[in-house]
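Please look over the protein shown here, with attention to its aromatic rings and to what surrounds them.

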Amino acid sequence: MALVQQMDSPPIFCDNTEYPAGLLRRMLGRLAGGAYGIFGTGDFDVTVSGSTVTVAPGRASVPAPATESGTYLVESVAAVTLTLDPADATRARRDVLVAYVAPPATETDTGRWFLEIRKGDPAATPTAPAVANALLLREFLIPAASAGTLPTGEDRRYAQGQQYISGPALYGNELPAFNRPGQVWTNRATRESWVYNGAGWVRLTGTPVVSTTSEVIAPYTDQVVYDRSAGMLKRYAGASSGWEELSATVPKGKRWRTGAFQTLGNNSTVIGTTGARVQGGMTTTANGLVLPRDGLYKVTVHGYATGELGWRAAFGLNRIRAGVADVELLWTSTYKSGSNDYTTTASDEVPLKGGDEVRMHGSAIPTTASTCAWGITEFAGCRFLVEFVRSLPSGVTPL
């Protein structure tokens, strides 16, 4: 039984030792997380001026050709200028800029790598050509000559699983295809970090820190980041509301009546209010509260009425939508009867729209008289409260 076995592959970077380039490529590819991409955010950045394409210098990990394995590391130390082919007369075209490696063809040949613009076919709806075993850097739209407009470019350095390789940590638009325990990846769109725990990718806890919220190019509802320029936490409240300051007070409002009695007829009427307290962007009208933005709101009514036996009293909330004349009943409390004094407390959560005005109303239906008097105090009388709960989830619209 052998106790020692000499291995087939030689150690890399050992003096007086010759080793194949493929072995080194495979090892370097593993150190780069098995990913292809750039090593700096400015590497191989592209500017387009007319038909002139200028490619910034940089370093990258480039896929090996189909006949090879591992990854090639390439470097450009100066800007490179290329030229787009002329436009088709009547149809648009999509071209791509790629980096690729050509290994030695003979024993005396040397390896080379290239930056090249590959042309697409002109078409009514043009598509970019697919280039295998290459690093995709830019995609160009070349309008038809008859359109009279200049070519434009789209950054594709993070396309097709390509990454910004920052040591063992990766940064890109898509999770890496190669996974190993402890590998860290940051989502370029949301600025969130993930780690591969051996069974799958899990989101790292903590709050992403950004210079400004504009750095988050694909935020999702309820995402929280720390905005360094503003010095505060911000929460994404959806496409219509954008980023909101978590350090700000929550929109809420309260209105109440501090006067004595008011006569209610045999119908519904708005309860005149004489006091108000608001915060978080909510505003007031003569008798109502105006909501600052779309959201789920908790609305609460405290009502008190006094009258003869057999009277029935009810309290509820009206909503007046901005730009709409009609008054809409949101909901009403259950009628009370059988005693001289009627009290009710009721609340509900309602999806409402920014700009809506909410008012309290009361009604009294007598059995033997035509009017009913009701009275309140500041502490135990009629009042209503409206408080913001949260932004509406995707697909939920205000009433």
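The report below covers the basis of the model, the aromatic pairs, the charges placed over rings, and one threonine.

## Basis of the model

This is a predicted model, in which local features need pLDDT of at least 70 and side-chain atom pairs count only at pLDDT 80 or more, while totals for chains, interfaces and linings use all residues. Residues are numbered from 1 along each chain as its sequence is written, and side-chain values use heavy atoms, with hydrogens and water left out.

## Aromatic pairs

Rings of Phe, Tyr and Trp (for Trp, the six-membered ring) are taken to pair if their centres lie within 6.5 Å, and a pair is called stacked when the planes are under 30 degrees apart, edge-to-face when they are over 60, and tilted for the rest. By this rule there are seven aromatic pairs. One of them is edge-to-face and joins Phe44 to Trp113, with 6.1 Å from centre to centre and 85 degrees between the planes. This pair links distant parts of the chain, 69 residues apart, since Phe44 belongs to the loop between strand 1 (37–38) and strand 2 (46–49), and Trp113 to strand 8 (residues 112–118); strands here are DSSP runs (E, at least two residues), numbered from the N terminus. Phe44 is buried at 1% relative accessibility, whereas Trp113, at 27%, is partly exposed (buried means under 20% relative accessible area, exposed over 50%, and partly exposed in between, with a 1.4 Å probe and protein chains only).

Tyr158 and Tyr171 also form an edge-to-face pair, with centres 6.0 Å apart and planes at 75 degrees. Here Tyr158 lies in the loop between strand 10 (152–155) and strand 11 (163–166), and Tyr171 lies 13 residues away in strand 12 (residues 169–172). Tyr158 is buried, at 7% relative accessibility, and Tyr171 is buried as well, at 16%. Together with Tyr164, Tyr158 and Tyr171 form one aromatic cluster.

## Charges over rings

A charge sits over a ring if NZ of Lys or CZ of Arg is within 6 Å of the ring centre and within 35 degrees of the ring normal. The charged end of Arg118 sits in this way over the ring of Tyr100, 5.2 Å from its centre, and that of Arg293 sits over the ring of Phe388, at 4.2 Å.

Thr47 is part of strand 2 and is partly exposed, at 49% relative accessibility. Apart from neighbours within four places in sequence, Thr47 is in contact (heavy atoms within 4.5 Å) with Thr52, Val53 and Thr54. The C-alpha atoms of Thr47 and Thr152 are 9.3 Å apart, although 105 residues separate the two along the chain.

Note on methods:
Helix = DSSP H or I, 4+ residues; strand = E, 2+ residues; numbered from the N terminus.
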